[in-house]
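Q: Hi! Could you walk me through this structure while I have it open on my screen?

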Amino acid sequence: MADVASLLDFSKPIDVGLLDATVNSSMQSVAGGEQQRAAAEKLLLEFQEHPQAWTRVDTILETSQSQPTKYFALQILESVIRFKWGALPLEQREGIKNYLSNLIIRFSTSEELFRKESTFVNKLNILLVQILKHDWPARWKSFIPDLVAASRTSETLCENSMKILKLLSEEVFDFARLDLTQAKTKELKQTLTVEFKAIHELCVFVLNNTRKPELIRATLDTLSVFLTWVPMGYIFEGNLLEMLLQLFPQAPFRNVALQCLTEVGSLQMSTEFNPQFAQFYEYFMRQLLLVVPQTVNIPEAYEKGTDDQQKFVQNLALFFTSFFKVHIGVLETMNNHELLLTGLDYLVNISYVDNTEVFKTCLDYWNFFVPDIYTSSCTGADPVGVAFMFAPPTTLNVPQTPGGRKLLYRPILSKLRQLMICRMAKPEEVIVVEDENGNIVRETMKDNDVLAQYKSMRETLVYLCHLDYDDTEHQMLEKLRMQENRFLVTVIRDLLNLCEVTRGKDNKAVIASNIMYVVGQYPKFLRAHWKFLKTVVNKLFEFMHETHPGVQDMACDTFLKICNKCRRKFVVLQVQEREPFICELLNGLTETIQDLQPHQIHTFYEAVGLMIGAESDPSKRDDYLHRLMGPPNTTWSQILAQARANPEVLKQQEVVKSIQNVLQTNVSVCTSLGQPFLVQFNVIFGDMLQVYRLYSELISSAITTGGANAARTTFIKYMRSVKKVALKLIEMFVDKCDDPQLLAATYVPAMMDPLLGDYARSVPDARDAEVLSLMAAIINKLRQLMEPEVPRVFEALFECTLTMITRNFEDYPEHRLQFFALLHAIVNSCFNTLYLMNPAQLKLVIDSIVWAFRHTERNVAETGLALLHDMLVQFAGSEYATQFHQTYYLHLLNEILAVMTDSFHKPGFKSQARILHHLFTILDANVIKAPLWDVAAKGPTAYPTNSAFVRVHVMGLLSTSFPNLSQPQVSACVSGMFEYKDFSAFKHHLRDFLVQTKQFASQDNADLFAEDVEKQVVEQREARQRVLSAIPGLIPQADAVGAEDMNDG
């Protein structure tokens, strides 16, 4: 090991053979060699981090016989280029550039060496591009001319030059925002655009003069990334496009040529280029018809094809969808529409290919194409020749076709209906599972990809239906072999008949599921046909007795869905009925639910709660509620009566489960009924608190005696389940109650000791996070009315919970989240109570918030940041602003700067930036009326203003934290922080600074842009919702929210 340590002596020449052996040792995984491997890894890490390590790279690359050692050397060089380039003297930078360039030339001019060491050469290329991002164009103006000139001397050198150019384009136009400032990105884009003339000439020269397939493919690969941004004249004014079209039919180049053509086809250009795009499409289609005749069964050919052939089909789908999205309006102006329809026909055929990605590509376009046809037919912009909705304007004064676009595309639209019906994806599915407390619950299975596909296909089919109802119905009925009657009635009627005559429980269950799914999708139809609605509901009641797996669950779910949309129909007297349906239901309640499992009964009760809530007469509503709650209230009363005689009854497992079910039934009704549940809540509230207290004591006692393992026993889980449901019921009632005064005067005082006192007295493992959640809900609901109780809440919950959650970052995850939700509620709703805290208590609050935003779990950190921002805003507007900021301003500023620059908290960048912006803004707003610096040590006149002091403080902090940055860089950053008053500009300025720091340069910085992405997503979602709301049928009836759901009587 002593010999190996000599590698760290940089005063002597390096022993490359010894380095090879050390690298080899670090990679071996032989039994018993763990210690040797660890020692080798430690030494290599020390070598790599040595400031002079990069000076050994050339010797290692020239002498080493080991490929892993060479890559180790390149890692060292990459680190220097990325993080220390600006700190190197100019002659050393030039030396590295020349060495790397010569190395690339040496490997690229030898065909054999170039093929053999292709991975190594690619790594060299990446390093060269990293240097270019620093030095080009200012300190390497001749790079592009030199590269182009050298490329004409050797075909392999030219091939590698193409790869370098491709990497450069991708770094500048695709990935620049991750590690380049905005100004540098702009400079590189402008330079690359100016220099493109030479690159274009080189590409054309290659395509005209070489017959070497590898070079042609490399050139086309490079062109495919350049074509997204090159000046338009290069594409149509030369012969580049013609050369690409001629290469397309040739099998070796077909795919990469098609990728280039796709990039051209997706370009949006001014109308003067419309004729060129039309000619381009016509030329392409004639070539395609030779390569893939229309008679070819594309799905079958894809199934049997090679990888290249399958990739060709995928690329063809991309070409058509990209071209049609932008230029279909141009093609509609052509006198001959045959080639346009032929292209769409190809795309329909490709849509049947059994490949998810191919189908997604096609579906995305159909979901774009069909709504546009519908929109143009509705707005009067229907005749062919009028501009395509999302495309550039087409040529004007074109003869109009009678019937317009709708007629033109009729054959394609009909084929699309068949496609959507045949390939319709599955909607979300529901399964029944057992939760951690042993309760049976429903869980929605969401395959997000399949669900998104289903929604997109359904939406497209709705538009297709609007364009031609008859054809849609005909195709559906044809598929179902039921041509004789109207669609919905026919389907349901025949399914009901089929259920009667079919034998076998499995078969009946399948048909029952179909019936329930169909009826649940059409609440508007059910509201309009009472007799049919009643028949359906009674059929659901029948299914509730069918014990085949899944049938009862689906019956209860469908009943809930129907009650949600048709609730009022059940409480008004319908024609030819003796009484409202709710009375009939309540009369037969026990019989209807006798075969249901507890979780199914809960769903049933929630549905009936919706019905009762639709009754406007309070006396009737209370009577219905009393009758509905009769069975659970009877069970509740019987258990309590037995417990008064013998308290041990409450310890029986079956009794605990019964109590839990009764309380969950109350939760279900409270959820759907709302404020009128008050009558029932009064019935059980007092006794429920007594039961809660008893089970709390039993749980604490068991955990104290048996330790943490006792908390995992089945009996303890059941008792905790009772507590959790009781808390959930109170929280639900608080949410639904319309009378805050009643809550504050009657209920809150009664629950203080049973809930808060119990929480404080319990051992940590027996404390329920739901208590924190409930208190947050109460404070948010009652706001100032809760202020007298907040000190008691704080005393009972704060310190004991903080001790639990700050031991480490892993334990008690639910308590962590709910604790900060509670603190947030106090800050937002009862802020005045913070003024009444003593200094030690307020410091505890501040420390807990700092702990939260330093947390590595994203949701905890984001909660802490949001909480801090709200608190700072509140304090800034209060009379305590100066006192608070004198105590905590610098501490909070330092902590926020620390998390913003440590790379573990990048997702919180938006919130961190907003807090910093606030802290700097208040300095000039005269919010803080006393010095922030230590007056005793520095005197009252040490700085002219707080702003000047904080500027010096931040300069020192950043300079110390980032020694790799120059003083002018730090100074520019701090100046911008104080000068940019607009938050958007401030945020962009911070991003530019962060991408220059070492901590952020080596990682994906996408999180720094998360806010922009999120904003874009929200805007798109809102725009989409407006579109969906405007078209009948796009929002499923079962999901639609409207006044008619309540006023349907």
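Here is a short chat about the fold, the salt bridges and the helix packing.

Q: Before we dig in, what kind of model is this?
A: It is a predicted model, so please read everything below as computed from that prediction.

Q: Thanks! How many helices and strands does the protein chain have?
A: The secondary structure comes to 53 helices and two strands.

Q: And what share of the residues is buried?
A: Buried residues make up 51% of the 1049 residues in the protein chain.

Q: What about contacts between residues 24 or more positions apart, how much do they account for?
A: They account for 72% of the contacts in the protein chain that have a separation of 6 or more.

Q: Switching to charges: how many salt bridges are there?
A: The structure holds 37 salt bridges. As background, side chains of opposite charge can pair when their charged atoms come close.

Q: Which residue does Glu-46 pair with?
A: Glu-46 forms a salt bridge with Lys-42, and their closest N and O atoms are 2.8 Å apart. The two residues sit four residues apart in helix α3 (residues 34-49), so about one helical turn separates them.

Q: Is that pair buried or exposed?
A: Glu-46 is partly exposed, at a relative accessible area of 35%, while Lys-42 is exposed, at 54%.

Q: Where does Glu-78 find its salt bridge?
A: Its partner is Lys-123, with the closest N and O atoms 3.0 Å apart. Glu-78 lies in helix α5 (residues 67-83) and Lys-123 in helix α8 (residues 118-135), so the pair ties together parts that are 45 residues apart in sequence.

Q: Why does Glu-78 count as buried?
A: Because its relative accessibility is 16%, and buried means under 20%.

Q: What does Asp-372 pair with?
A: Asp-372 forms a salt bridge with Arg-405, where the closest N and O atoms are 2.9 Å apart. This pair links distant parts of the chain, with Asp-372 in helix α21 (residues 356-379) and Arg-405 in helix α22 (residues 404-408), 33 residues apart. Both Asp-372 and Arg-405 are buried.

Q: Which residues are linked in a network of salt bridges?
A: Arg-720, Lys-723, Lys-724, Asp-758, Asp-768 and Glu-770 are linked that way.

Q: OK, helix packing now. How do α39 and α41 sit against each other?
A: Helix α39 (residues 740-761) and helix α41 (residues 790-805) pack at an angle of about 30 degrees, and their axes are 9 Å apart. They are therefore roughly parallel to each other, and α39 passes α41 in a left-handed crossing.

Q: Which residues make that contact?
A: From α39 they include Met-752, Leu-756 and Tyr-759, and from α41 they include Val-793, Leu-797 and Met-804. By class, the contact of α39 with α41 has nine nonpolar, one polar and two charged residues.

Q: And what about α44 with α45?
A: Helix α44 (residues 839-853) and helix α45 (residues 858-876) pack at an angle of about 140 degrees, with axes 7 Å apart. That makes α44 oblique to α45, and their crossing is left-handed.

Q: Which residues meet there?
A: Among them are Ile-846, Ile-849 and Phe-853 in α44, and Leu-865, Leu-868 and Met-871 in α45. The residues of this contact divide into 11 nonpolar, one polar and no charged.

Q: Last one: where is Ser-322, and is it buried or exposed?
A: Ser-322 is found in helix α19 (residues 307-332), and Ser-322 is buried, with a relative accessible area of 18%. Leaving aside neighbours within four places in sequence, Ser-322 is in contact with Thr-262, Gly-265 and Ser-266.

Technical notes:
Residues are numbered from 1 along each chain as its sequence is written. This is a predicted model: local features need pLDDT of at least 70, side-chain atom pairs count only at pLDDT 80 or more; totals for chains, interfaces and linings use all residues. Side-chain values use heavy atoms; hydrogens and water are left out. Buried means under 20% relative accessible area, exposed over 50%, partly exposed in between (1.4 Å probe, protein chains only). Contact means heavy atoms within 4.5 Å. A salt bridge is a side-chain nitrogen of Lys or Arg within 4 Å of a carboxyl oxygen of Asp or Glu. Axes are lines fitted to C-alpha atoms, for helices over the stretch in contact, and angles run from 0 to 180 degrees between N-to-C directions. Angles under 35 degrees count as roughly parallel, over 145 as roughly antiparallel, 65 to 115 as roughly perpendicular and the rest as oblique. A crossing is left-handed if the near helix is turned anticlockwise from the far one by less than a right angle, and right-handed if clockwise. Ala, Val, Leu, Ile, Met, Phe, Trp, Tyr, Cys and Pro count as nonpolar, Asp, Glu, Lys and Arg as charged, and the others, Gly among them, as polar.
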